[in-house]
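Please keep the sequence and the structure in view while reading.

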Amino acid sequence: MTAQSQQDLTRGLLLGAAGVAMFAMTLPMTRLAVGDQAAPQLPPAFVTAGRAAVAGLLSVLYLWLVRAPRPDRRHAPALLVSGLGTVIGFPLCLAMALREVDAAHAAVVSGTIPLATALVAAWSLRQRPSAGFWACALAGFGLVLGYAAWQGGGRWVAADAWLLGAVLSTAFGYVAGARVSAQMPAAHVIGWILVFSLPFTVPAALWLWPAGAATVRPSAWLGFAYVSVFSMWLGFFAWYRGLALGGVVRVSQVQLLQPFLAIVFAVPVLGEPLEPAALACALAVIALVFVSRRTQVRSAVRAAPSQGAT
């Protein structure tokens, strides 16, 4: 490896780590924005529409500055599916779940997003994953479902259904976005998805504006600002720039730390206890995802390793 290649790898890993750290903060910051059942803050639907509207307006400026070409009409179905999954499905399901469970619980369940994405890709592209991959996927989901039931006193709660909805929404959204990302820069894809969503997200955000906005805690508005600017927009630029500089294979492995970081960040941001069971389960899921990435699954498209857990 030349000195320049080593420098690019180092910069790529640092930028990739910065992007993953921004994404990991999504869970505690979303909970900060929506509050909990005892002290609700911003409505989950408003947070969903509002964060997409803010990120969409920022994307208008970005796409104009880089003079990004408009996507072809043939990309419209994939962009629609990706938008429904990543702009609406994931944030809404996550916000609904975080009203009932803590960020550590959500981080453990969300750790299965890479496995779910690979499963959806295999199904939609008619791939044949190896037996090792299936074993990792089944073990990962079984571990998460068992953890959720244990946390719920022997049963699953409604929040777990919302979290699984967030996982599936993200998986379908990522795979659809990856189809378009094979033909144009991934950062442009995300930007156009957010821009095309503006006719819906801006009116929805205004209509869903909380009636008691003046009584909402400043910390909730801080959480909303974070998920709008960093989780939904800025994190993607650090992430994709890191992938471009350091290489997808090496830099994408940094994302394995995301569930662990989300649990750790929830301690200072929300005051949640650092539970050994959550850490152990998250680390086990990370290990399964790492092993699954080493199994053979032939891909028909140049899919992004994931568009980040927004």
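Which residue takes a positive phi just after H12? Gly271 does, with a phi of about 75°.

## Basis of the model

This is a predicted model, in which local features need pLDDT of at least 70 and side-chain atom pairs count only at pLDDT 80 or more, while totals for chains, interfaces and linings use all residues. Residues are numbered from 1 along each chain as its sequence is written, and side-chain values use heavy atoms, with hydrogens and water left out.

## Helix H12

Helices are DSSP runs (H or I, at least four residues), numbered from the N terminus. The 13 residues of helix H12 (residues 258–270) should span 18 Å at 1.5 Å a residue, and the distance of 17 Å between its end C-alpha atoms agrees with this; the expected span is 1.5 Å times one less than the number of residues. Within H12, the buried residues include Pro259, Ile263 and Ala266, where buried means under 20% relative accessible area, exposed over 50% and partly exposed in between, with a 1.4 Å probe and protein chains only.

## An aromatic pair between helices

A search of the whole structure finds 14 aromatic pairs, that is, rings of Phe, Tyr and Trp (its six-membered ring) with centres within 6.5 Å, counted as stacked for planes under 30 degrees apart, edge-to-face for over 60 and tilted for the rest. The rings of Phe46 and Phe224 are stacked, because their centres are 5.2 Å apart and their planes lie at 20°. Since Phe46 belongs to helix H3 and Phe224 to helix H10 (residues 218–246), the pair ties together parts that are 178 residues apart in sequence.

Phe46 counts as buried at 2% relative accessibility, and Phe224 also counts as buried, at 11%. Together with Trp209 and Trp221, Phe46 and Phe224 form one aromatic cluster.

## Salt bridges

The structure holds 3 salt bridges, each defined as a side-chain nitrogen of Lys or Arg within 4 Å of a carboxyl oxygen of Asp or Glu. Arg31 forms one with Glu272, with the closest N and O atoms 3.7 Å apart; as Arg31 lies in helix H2 (residues 26–34) and Glu272 in the loop between H12 and helix H13 (276–292), this pair ties together parts that are 241 residues apart in sequence. Both Arg31 and Glu272 are buried.

Arg31 also forms a salt bridge with Asp36, at 3.9 Å between the closest N and O atoms, and Asp36 counts as partly exposed at 26% relative accessibility.

Notes: Helix = DSSP H or I, 4+ residues; strand = E, 2+ residues; numbered from the N terminus.
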